[in-house]
Amino acid sequence: MISAHNHITFLPEGEKAFQAILDLIQNARHCVYIATFILGKDETGTAMVRALAKKASQGLKICLLLDALGSVRISKKFLLPVIESGGRVAFFMPMIHWPFRGRANLRNHRKMIICDNQRAIIGGMNLASEYMGLQASMKRWQDLSLLVQGPVVEHLIDIFRLDWEFATKATLNYNSTTSQVLRPDSSGVTQLVANGPDVRNDSLRNAILTAIFRAKQRIWVVTPYFVPDELMSEALCIAVCRNVEVSIIILQKSNHRLADLVREGYLARVQEAGAGILLYEPRMLHAKAILVDDTLAIVGSANMDMRSLLLNYEIALCIYDSDAIRQLETWMLQLKEDCLARKLQPKSSFGLIEGMGRLFAPLL
């Protein structure tokens, strides 16, 4: 659903995102809803638990939803301060369940922090020290989240509510805010797009494909992993043939060796078509963003791979606001300054790798 009059603040640094989340929690007056793939058993995760426990003890409605695989190291003991203070905690898709109930391969990769039904943070950052923390660190991963305010937050609540009710089998009641009518000259226009087994027609994947086919000048992609399906890969190649500038900013070496091996065939294909492949060097790159012409930016939790776009529960914000689009462009240009152009490898060298990659790609 499209909404206007939304305000977007980019949070590309982990320390700023960390402080923004703590500020949201500490200033909350009614409720805090959080969904995350990973809650770290570290300083960052501990700080979040303490902040949530304090607000729960003040009588606020606290709901913390963790993915059972991503937060597999988190025990009930670690979460006890929240629970004993009156907060509610749930795990999405437990790894141990009755036979034929649930799907262990389907993970909730969404990241949402929603406070008082008015402000929210979404994007790629998990609540762990690799992604965010009190102090700046060059060891911390390069990532991107968004602080959003406006009608789009109500759409986020709807998605969180469905995830929470699926995981807990309990109804989540909340007070709806007043929606604003979209006007042609409205600023802050955004569209929240969810993806996953609970959404028909692979909405996020289709939105990305539509944007690629409609692009006229450029398509810039930032992703830590690049394992697209056949149609996505072909769409990028066709865009190059239409004289659209296609640039893919990806890690020189990621934290998953198998993903790095598998991506080689896919990168080679789009590079041979004429796309630019830029390898980010300084540190781990975990951000997920797409810029199309000067008219659309997409930022969210989904990687440019089959798992994110065909299996996982994901969420992204399509942004049509010109100021926000320029901010994302500036951020991407800064990333490009720390990249090396990937050298085009002989096609013959990818035969075995590409064959194995196609075998394992859907599992990554």
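User: Which strand does strand 6 pair with over four bridges in the antiparallel sense, at residues 119-123?
Analyst: Strand 7, residues 119-123. Keep in mind that this is a predicted model.

User: What is the bridge partner of Ile113 in strand 7?
Analyst: Ile121.

User: What do strand 6 and strand 7 form, and how many residues are between them?
Analyst: They form a hairpin, with three residues between the two strands. Asp116 sits in the turn and has a positive phi of about 55°.

User: OK, what about strand 3? How many bridges join it to strand 6?
Analyst: Four. Strand 3 covers residues 31-36, and it runs antiparallel to strand 6. In one of these pairings, Ala35 has Met112 of strand 6 as its bridge partner.

User: And the faces of strand 6, are the side residues buried or exposed?
Analyst: Buried, on both faces. Met112 and Ile114 are on one side. Ile113 and Cys115 are on the other. Strand 6 itself spans residues 112-115.

User: New topic. Where is Ser137?
Analyst: In the loop between strand 7 and strand 8, the latter being residues 145-149.

User: Why is Ser137 called partly exposed?
Analyst: Because its relative accessible area is 31%.

User: What does the side chain of Ser137 have 3.2 Å from one of its polar atoms?
Analyst: The backbone nitrogen of Lys139.

User: How far is Ser137 from Glu15, C-alpha to C-alpha?
Analyst: 8.6 Å, although the two residues are 122 residues apart along the chain.

Conventions
Residues numbered from 1 in each chain as written. Predicted model: local features only at pLDDT ≥ 70, side-chain atom pairs only at ≥ 80, totals over all residues. Heavy atoms only, no water. Buried < 20%, exposed > 50% of the residue type's maximum accessible area, 1.4 Å probe, protein only. Pairing = 2+ DSSP bridges. Polar contact = N/O pair within 3.5 Å; in protein donor to acceptor, adjacent residues only side chain to side chain.
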